[in-house]
Amino acid sequence: MQCPYCDNEDTRVIDSRLSEGKDAIRRRRECLSCEKRFTTYERREPLRLMVIKRDGSREGFDRLKLQAGLAKACAKRQVSEEEIEFMVDEIEADLRERRRHEVTSRRLGDMALARLRKTDMVSYLRFASVYRQYTDVDQFRSELVRLAGSGR
Ligand SMILES: [Zn+2]
């Protein structure tokens, strides 16, 4: 990143935050040469992706919907808004890397579960119970046993 005052290329980031409906990352930078400060914005291309639902219907990928789903699973747990945001960022990054135009809701759910599992077990189970739609208690119990066996 070039300094707008002295054209030096070495700058350091002092602060980063999402802004403008979260489609842009605002970074406060300081030039290592003249020490002047300036702000840059990195705009994210919205992710264009179709989600294939269980019933076969399709809907556009909605980041906020995914975020809301995770937030619901993490309600009243020790998971910060930033952590949830970070999980969504990671999932989005994975989806971008796959370079496909579609993803099944099941796959999307699994991606969310993989991250919740590392973050908070209770949230993980809440999300799993909704996403995997456990048909009976035994199925849910076997998942619990499996988790207990994995040492978490
Ligand atoms: Zn400078």
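Student: Which helices do the buried residues of H1 pack against?

Tutor: In this predicted model, the buried residues of H1 pack against helix H2 (81–98), helix H3 (105–119) and H4.

Student: Which residues of H1 are buried?

Tutor: A residue is read as buried when its relative accessible area is under 20%. In H1, this applies to Arg-63, Leu-66, Gln-67, Leu-70 and Ala-73. They lie on the same side of H1, because they cover an arc of only 125° around the axis.

Student: Which exposed residues does the face of H1 turned away from its buried side carry?

Tutor: Exposed means over 50% relative accessible area. Leu-64 and Lys-72 are the exposed residues on that face of H1.

Student: At what angle do helix H1 and helix H4 pack?

Tutor: The angle between helix H1 (residues 63–73) and helix H4 (residues 121–131) is about 120°, and their axes are 8 Å apart. H1 is therefore oblique to H4.

Student: Which residues of H1 and H4 meet?

Tutor: On the H1 side they are Gly-69, Leu-70, Lys-72 and Ala-73; on the H4 side they are Ser-123, Arg-126 and Phe-127.

Student: How many bridges join E1 to strand E2?

Tutor: Eight bridges join E1 to strand E2 (residues 24–31), and the two run antiparallel. Within this part of the structure, Arg-12 stands opposite Glu-30 in E2.

Student: What is the order of the open sheet formed by E4, E5 and E6?

Tutor: Its three strands have the order E5-E4-E6, and the pairing is mixed. Strand E5 (58–60) and strand E6 (102–104) are at the edges with a single partner strand each, so one side of each has no neighbour in the sheet. On average, neighbouring strands of this sheet are turned by 30° against each other, direction ignored.

Student: Which residue stands opposite Gly-60 in E5?

Tutor: Met-50 stands opposite Gly-60. Strand E4 (residues 50–52) and E5 run antiparallel and are joined by three bridges.

Conventions. Residues numbered from 1 in each chain as written. Predicted model: local features only at pLDDT ≥ 70, side-chain atom pairs only at ≥ 80, totals over all residues. Heavy atoms only, no water. Axes fitted to C-alpha atoms, helices over the stretch in contact; angles between N-to-C directions. Helix = DSSP H or I, 4+ residues; strand = E, 2+ residues; numbered from the N terminus. Parallel < 35°, antiparallel > 145°, perpendicular 65-115°, else oblique. Contact = heavy atoms within 4.5 Å. Pairing = 2+ DSSP bridges. Buried < 20%, exposed > 50% of the residue type's maximum accessible area, 1.4 Å probe, protein only. Arc of directions from axis to C-beta.
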